[in-house]
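I opened this entry to keep track of what I looked up in one structure. The sequence and the model come first, and my notes come after.

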Amino acid sequence: MLTGTQAKAYAEDQLGPDLNKVAGGKTYSQVSDEWIAGGMKSEKLAGERTTLFMGTTLKGLLLNAWGWGQIGSIAILAGILLIVFGGILFLLPVLNWRLNVRREPKELAAPRVAQAPPATA
């Protein structure tokens, strides 16, 4: 398995049905209770208990990997969106500055002083 989606598919489509076949669909907790109540002597219950424990643990780990894969995908998307948003926020003041440099208001413009002709002696 290389992706979280593959892990989820294996956990739900392969392990789930296989675990339901063990011990007639009973859970690990139910089989473990029966095994303990029987004095921990039944080899069949001990085997089913071990199988259910390991299978349930593996299923949980695979679904955990899928969940963190989902969080990673969301974090990557959020990072890309934040970079784009940061770029836009950077460009807004730059564009504002460029527009204001090009069209300077007339009342704020420096007055043009006529130069006197050079004096001749």
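The notes below go from the whole chain to single residues.

**Ground rules.** I am working with a predicted model, in which local features need pLDDT of at least 70 and side-chain atom pairs count only at pLDDT 80 or more, while totals for chains, interfaces and linings use all residues. Residues are numbered from 1 along each chain as its sequence is written, and side-chain values use heavy atoms, with hydrogens and water left out.

**Whole chain.** I looked up the helices and strands first, which are DSSP runs numbered from the N terminus (helices: H or I, at least four residues; strands: E, at least two). The protein chain has three helices and zero strands, and along the sequence the pattern reads α-α-α.

I then checked burial, where buried means under 20% relative accessible area, exposed over 50%, and partly exposed in between (1.4 Å probe, protein chains only). Of the 121 residues in the protein chain, 12% are buried. The accessible surface is about 9900 Å², and carbon and sulfur atoms account for 66% of that surface. Accessible areas come from the Shrake-Rupley method with a 1.4 Å probe, and for residues only the protein chains shown count as cover.

For contacts I used heavy atoms within 4.5 Å. Taking contacts between residues at least 6 apart in sequence, I found that 65% join residues at least 24 apart.

**Helix α2.** Which residues of α2 are buried? I noted V31, S32 and W35. After α2 comes G39, with a positive phi near 80°.

**W35.** This residue lies in α2, which covers residues 28-37. W35 has a relative accessible area of 15%, so it counts as buried. What is W35 in contact with, leaving aside its neighbours within four places in sequence? I listed M40, K41, S42, L45, A46 and R49. R49 is 14 residues from W35 in sequence, and the two C-alpha atoms are 7.9 Å apart.

**Salt bridges.** I searched for a side-chain nitrogen of Lys or Arg within 4 Å of a carboxyl oxygen of Asp or Glu. The whole structure holds two salt bridges. One joins E34 to K26, with the closest N and O atoms 2.5 Å apart. E34 is partly exposed at 32% relative accessibility, and K26 is partly exposed at 33%.

Another joins E48 to K44, with the closest N and O atoms 3.8 Å apart. Both E48 and K44 lie in helix α3 (residues 43-102), four residues apart, about one turn of the helix. Leaving aside neighbours within four places in sequence, E48 is in contact with V22, A23 and V31. V31 is also among the buried residues of α2.

**Surface patch.** Last, I looked at patches, which are made of residues with over 30% relative accessible area and no salt bridge, like charges being joined within 9 Å and nonpolar side chains (Val, Leu, Ile, Met, Phe, Trp, Tyr) within 5 Å. I76, I80, V84, F85, I88, L89 and L92 form a nonpolar patch, with about 690 Å² of accessible area together. I76 is in helix α3 and is exposed at 57% relative accessibility.
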